[in-house]
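Please look over the model below before reading my notes.

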Amino acid sequence: MQRKHLIILMLLSSQVIQAQSADPEYAVIIKGGHVIDPKNNINELMDVAINKAGKIAAVSKNIDPKTASRVVNAKGLVVTPGIIDMHTHNFAGTEPDNYLRNSYYANQPDGFTFRVGVTTVVDAGSAGWRTFEKFKDQTIDRARTRVLTFLNIVGEGMTGGLPEQNNADMDARLSADMALKYKDLIVGFKVAHYNKPDWVPIDRAIEAGKIAGNIPVIVDFGGSGLSLEELTMKKFRPGDIYTHTYGGGGKEREAITDPLTGKLRPFVFEARQRGVIWDVGHGAASFSFSHAIPATKAGFFPDVISTDHHGGSMNSAMKDILNVMNKFLTLGMKVPAIINSVTWKPAQVIHREQLGNLSVGSEGDVTVLRIRKGKFGVFDQMGQRIEGKQRFECEVTVKGGRVFYDLNGLTNPLPKVVGGLPSL
Ligand SMILES: [Zn+2]
């Protein structure tokens, strides 16, 4: 072997540790990475092992790589529970003019999830009780991504236009019945795009949430012009969610900042104190630095970071969950807090405590991230840009002990070819 080839071989070997046991105990070991597992207060170098049943089997300092079928050398990388994107739109279909309900504008999840470290998405109300089973058949049952959902309080779902204003199609009992029938998939209820100045959809969604076992509602405040303070301080139960936290402004939808002073409004922290969850839901036009900068300067970072991923946001200032996380990194949010906001916190919010953490027995979903240093920009829908020095990139995504994405082939062995490897 030429000396040059030997050096290349040694370099590549530092990224891949070959398994050697004939019948290894574990499916995957992620070795030598900096583990951030907010639920268990882990923030240090650790190995993570996932068993053949697809569950977390061990998190400890030195797990023997010979005991696994596949090994990821995560040296220099950050290892987290699989990312949960708590606000997406995945009811893809072929009905024209239906906005995000069985339409061209929604995205099948697998094309947009594993490559950015996401193992679970929570669709935010694309389907209602009348259309949920079609969504289940077309997307949930066929996706490799774990797809959970908030059910729209409008029976037809998120069609856009007049059907979303139809109070007669907002039935708490029938919505709750569907949620009780599919308890494993439906995590709560959604209100969105309502433009009349009354509380009917919010009252019905909260009623449905109570009937279905006290599950949460998530509210896009639409264009009703109602009071955000009244919503979050009086209407919401602890655990209910406000999405598009850093959006709004103007008469149709109030913002978290005061329109006169530009400062964070005082009740926002109080609402958090009483258990209200503040979700990003970035979307195509629901995140502005005009709100996010004063809010985060005042120490108000989100509880949950999510994308509101759909055809209109995916190539905009939003892009993907890592880009939204990068915005908060640039705004000064600490890495463990960012990881918490896409793992353990959303898992708790949707009452799925087997997700978003690395406790032994939890789902074997793990994301391996690189924090790249350099000079990077992020912008909002107004075209306002700020610069930062770090950003997240996804190296490897594991769901249920299976590697679904591996950017640099870290889990793959060197090729065995006659004549050795190519010269570089
Ligand atoms: Zn949305």
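The numbered points below describe this structure, which is a predicted model.

1. The main core. The largest nonpolar core is made of 78 residues. Phe 132, Ile 305, Met 325 and Phe 328 have the most contacts inside it. Helix α8, which covers residues 321-330, gives the most to this core, with six residues.

2. A separate core. Besides the largest core, there is a second one of 20 residues. Its members include Ile 42, Leu 77, Val 368 and Val 396.

3. The zinc site. Which protein residues are donors of the zinc ion? They are His 87 and His 89, each through NE2, and Asp 308 through OD. These donors lie 2.1 to 2.3 Å from the ion. Along the sequence, the donor residues follow the spacing H-x1-H-x218-D.

4. Buried or exposed? His 87 has a relative accessible area of 1%, and His 89 has 2% relative accessibility. Buried means under 20%, so His 87 counts as buried, and so does His 89.

5. Cavities. There are three cavities of 30 Å³ or more. The largest cavity has a volume of about 90 Å³ and a lining of 13 residues. Thr 88, Phe 112, Thr 113, Val 121 and His 309 are the lining residues that lie nearest its centre. Strands β6 (83-88) and β7 (118-128) each supply at least two residues of this lining. By class, the lining has six nonpolar, five polar and two charged residues.

6. The largest pocket. This pocket holds about 300 Å³ of space and is lined by 18 residues. Nearest its centre lie Asp 320, Leu 322, Asn 326, Arg 391 and Phe 392. Helix α8 and the strands β13 (366-379) and β14 (385-399) each supply at least two lining residues, and β14 gives the most, with five. Eight of the lining residues are nonpolar, five are polar and five are charged.

7. About 170 Å³ of space lies here, with 16 residues in the lining. Asp 308, a donor of the zinc ion, is among the residues nearest the centre of this pocket, together with Tyr 99, His 244, Ser 286 and His 310. The lining has five nonpolar, seven polar and four charged residues.

Methods. Residues numbered from 1 in each chain as written. Predicted model: local features only at pLDDT ≥ 70, side-chain atom pairs only at ≥ 80, totals over all residues. Heavy atoms only, no water. Core = buried A, V, L, I, M, F, W, Y, C linked by side-chain atoms within 4.5 Å. Buried < 20%, exposed > 50% of the residue type's maximum accessible area, 1.4 Å probe, protein only. Helix = DSSP H or I, 4+ residues; strand = E, 2+ residues; numbered from the N terminus. Donors = N, O, S within 2.8 Å, 3.2 Å for Na, K, Ca; no water. 1 Å grid on protein atoms, 1.4 Å probe; cavity = no way out; pocket = protein on both sides within 12 Å on 5 of 7 lines; lining within 4 Å. Points joined across faces, edges and corners; volume = space filled by probe spheres on them. Nonpolar A, V, L, I, M, F, W, Y, C, P; charged D, E, K, R; others polar.
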